[in-house]
Amino acid sequence: MLAYVLRRLISIPFLLLGVASVSFLLSQMTKGDPLAALVPERMMSNPEIVETVKAQWGLDQPLPIRYLRYLGNLVQGDLGTSFATRRPVATDIAERLPATLELVIAAMIIGTAMGLTLGLLSARFRGSAFDSIARIFALIGSSLPIFWSGLILLYVLSVRLAIVPGTGRLPPRIAPPPHHTGFYTVDALIAGDLSLFVQALTHLALPAFVLGWAVTGIITRLVRSSIVEGLSLDYARTARAKGAPERVVLVRHALPNALIPLLTILGFTFAYLITGAVLTEAIFSWPGIGSYAVRAAGALDYPAIGGVTIVGSVAFLLANLLTDIAYAWANPRIKVH
Amino acid sequence: MADITPAVTAAPAPRRGRQLRRLSRRLPLTAKIGAAILLFWILTVLTVQFWPLADPLAMVGRRLQPPSAAHWLGTDALGRDVFSRTLHGSIWSIPIAIVVVACAVSIGSFLGAISGFFGGWWDTIIMRLVDVTVAFPPILLAMAVAAMLGPGLANASIAMVIVWWPIYARLMRAQVLEVKEREHVEAAVAGGAGGLRVLRVHVLPLCWTPTLINATMDFGQVVLLAASLSFIGLGATPPSPEWGSMISEGATRFYDWWIAFGPGMAILSVVLATSFLGDGLRDLFDRRSA
């Protein structure tokens with residue numbers, strides 16, 4: 001177990017090196033002038049600044065040296081300067097990361113809650129109409145183009161029915177709460193401003209639901225099949241024989257059986273959540289790193305895309321590592337290779 | 001696994017016909033619906049230019065009309081017929097998904113087979129390459145590659161192949177590793193057959209089932225990712241009626257919901273159809289992984 005975790009930990013730096021190398025190669029393949037991405041246009045005429053930047057990124061050096069410089073800058077947290085915002089990419093990302101995390105965490109909670117509930121109930125009433133409806137609901141969630149379902153739901157719920165507010169994290173002209181965590185819901189609670197909390201929460205609800213729905217399918221399917229399996233095992237039969245009501249057999253005996261596979265799938269759903277977050281943020285004008293990446297991609301802002309890619313990969317690797325560790329910890333029977 | 005061998009090796013024509021019929025009888029209803037939807041889209045791709053539809057690129061009515069008898073899904077901001085554009089959109093999405101899946105399957109399976117069969121350095125290099133590629137969140141890698149190469153459907157397709165090949169490399173490698181331990185392979189090696197011949201004749205024919213099932217499932221996901229890239233502005237460029245870029249036009253005209261409705265339903269139908277069909281095929285052929 002410890003050896004396995006150590007081996008995984010050791011592999012992380014190598015994977016990061018690989019990720020950084022691929023990002024570097026991609027940035028070298030662009031047809032544009034790399035200098036243009038590093039120096040603001042109006043400073044291009046200033047030879048001093050151009051020379052400094054060239055030296056900093058080693059643009060006058062051969063490829064291997066440039067590569068080493070690139071890695072050196074990365075290690076120091078320098079992801080380059082955004083073409084569009086004229087600010088360090090790392091600063092831009094740090095500023096926008098909490099918005100994305102708030103969205104993804106809320107979506108994860110909604111997706112897991114819906115998936116567990118639907119999976120549990122469809123396993124309990126398998127073969128019933130509820131089972132079919134739950135399956136269709138889950139399947140549609142994972143098949144919908146998220147940038148479309150978000151759009152349609154926004155139109156129906158916000159424009160037509162006015163149940164939820166429009167896009168963004170807060171209504172226009174409302175100041176965000178004082179910065180503590182960057183999560184507006186949490187910060188509003190810390191500030192003790194209940195109406196601001198409600199506003200932040202209602203703005204979060206729809207995008208988080210759209211994103212959570214996308215992962216509900218995977219979770220429902222998994223929970224249902226492992227509970228159905230659990231219900232047919234000997235210990236479930238024993239519990240029934242001892243007179244336990246079906247509800248108790250389900251929750252106390254079969255549900256724990258589903259939780260371990262759920263742990264592994266959560267890492268896997270994280271990939272969906274990142275993909276979904278990029279598109280959800282674009283639809284809901286959510287000021288996170290996803291909409292930043294979309295804007296950067298549209299403007300061919302290479303340093304910004306590269307930065308988001310690297311940060312996203314780090315998050316992805318960490319999520320997978322945590323999943324593996326949690327899995328190995330929860331189920332010592334698994335032989336990890 | 002044994003029951004798939006006849007479907008893979010070349011059987012005499014009449015037997016194959018009977019097998020197809022038996023296969024279609026054993027497929028669940030949902031899988032048949034999925035197959036029918038896919039067939040519909042493929043037929044649409046092949047014949048849509050002969051259908052009595054409005055010109056997808058021409059202004060045929062007043063701008064931004066809601067759905068009516070004349071324009072079933074309304075008209076967009078340039079007065080083009082959305083229904084016609086949605087059907088014509090399949091000409092972009094479906095062939096691209098076919099090409100991307102075919103390339104990802106070929107490249108991935110080739111490298112995976114070499115990796116699994118020969119082992120050693122090949123295995124190490126190819127599998128580390130796989131590890132690094134899957135360390136990227138798929139959409140970010142696709143966005144990075146597509147942005148570096150420049151917008152356009154061809155570049156978006158290259159980006160998607162880069163995202164997808166590792167899945168097939170891993171699948172094929174695992175499959176080859178398992179099959180190469182079997183006795184008939186050992187017998188072939190003992191009989192003096194060369195490495196490549198053993199791989200081609202004795203190992204590979206038994207390795208395709210999971211790959212083909214996965215490819216069916218992935219087809220819909222590729223359509224989805226291609227539309228996502230177009231939606232972001234990295235895929236198809238206007239005025240081509242690609243589904244993703246039509247939805248992004250709809251997103252800028254929020255109150256005219258019908259602009260985005262058709263293409264969204266089209267994407268949904270393809271993704272649902274492939275997961276129905278893929279599920280059915282997996283239940284039939286590959287019960288262990290179901």
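Biologist: At what angle do α4(B) and α12(B) pack, and how far apart are their axes?

Modeller: This is a predicted model, and in it the two helices pack at about 30 degrees, with axes 9 Å apart.

Biologist: Why are α4(B) and α12(B) called roughly parallel to each other?

Modeller: Angles under 35 degrees count as roughly parallel. The angle here is about 30 degrees, and therefore α4(B) and α12(B) are roughly parallel to each other. Their crossing is right-handed.

Biologist: Which residues of α4(B) meet which residues of α12(B)?

Modeller: From α4(B) come Val82(B), Phe83(B), Thr86(B), Gly89(B) and Ser90(B). Facing them in α12(B) are Trp258(B), Ile259(B), Gly262(B), Pro263(B) and Ala266(B). Sorted by class, the residues of this contact are six nonpolar, four polar and no charged.

Biologist: How many helices and strands does chain B have?

Modeller: Chain B has twelve helices and zero strands. Its C-alpha atoms fill a box of roughly 75 × 45 × 30 Å along the principal axes.

Biologist: And how many helices and strands are there in chain A?

Modeller: Chain A comes to 13 helices, again with zero strands. The C-alpha trace of chain A spans about 85 × 55 × 40 Å along its principal axes.

Biologist: Where does UniProt place the feature "transmembrane region" in chain B?

Modeller: The unreviewed UniProt entry puts it at residues 29-51, 91-118, 125-147, 153-172, 219-237 and 257-278 of chain B.

Biologist: How helical is the model over residues 153-172 of chain B?

Modeller: That span is 100% helix and 0% strand, and its end C-alpha atoms lie 28 Å apart. Residues 257-278 of chain B are 95% helix and 0% strand, with 32 Å between the end C-alpha atoms.

Biologist: What about chain A: where does UniProt place "transmembrane region" there?

Modeller: For chain A, the unreviewed entry gives residues 103-121, 133-157, 204-223, 259-284 and 304-330. In the model, residues 304-330 of chain A are 100% helix, with end C-alpha atoms 38 Å apart. Residues 259-284 of chain A are 96% helix, and there the ends are 32 Å apart.

Biologist: How many residues of chain B are in contact with chain A?

Modeller: There are 36 residues of chain B in contact with 39 residues of chain A. Two residues count as in contact when their C-beta atoms lie within 7 Å. α6(B) gives the most to the side of chain B that touches chain A, with nine residues. By class, that side has 28 nonpolar, seven polar and one charged residues.

Biologist: How confident is the predictor in chain B?

Modeller: Chain B has a mean pLDDT of 83, and 93% of its residues reach 70 or more. For the complex, the predictor gives an ipTM of 0.83 and a pTM of 0.85.

Biologist: Over which residues of chain B does pLDDT stay under 50?

Modeller: Over residues 1-12 of chain B. Where pLDDT is low, the predicted coordinates should not be read in detail.

Biologist: And where in chain A is confidence lowest, and where is it highest?

Modeller: Helix α2 (residues 34-38) of chain A has the lowest confidence, at a mean of 64. Helix α5 (residues 89-124) of chain A has the highest, at 91.

How values were computed:
Residues numbered from 1 in each chain as written. Chains lettered and ligands numbered in written order. Predicted model: local features only at pLDDT ≥ 70, side-chain atom pairs only at ≥ 80, totals over all residues. UniProt positions renumbered as here; feature names shortened; annotations may be inferred. Helix = DSSP H or I, 4+ residues; strand = E, 2+ residues; numbered from the N terminus. Nonpolar A, V, L, I, M, F, W, Y, C, P; charged D, E, K, R; others polar. pLDDT = per-residue confidence, 0-100. Axes fitted to C-alpha atoms, helices over the stretch in contact; angles between N-to-C directions. Parallel < 35°, antiparallel > 145°, perpendicular 65-115°, else oblique. Left-handed = near helix turned anticlockwise from the far one by under 90°.
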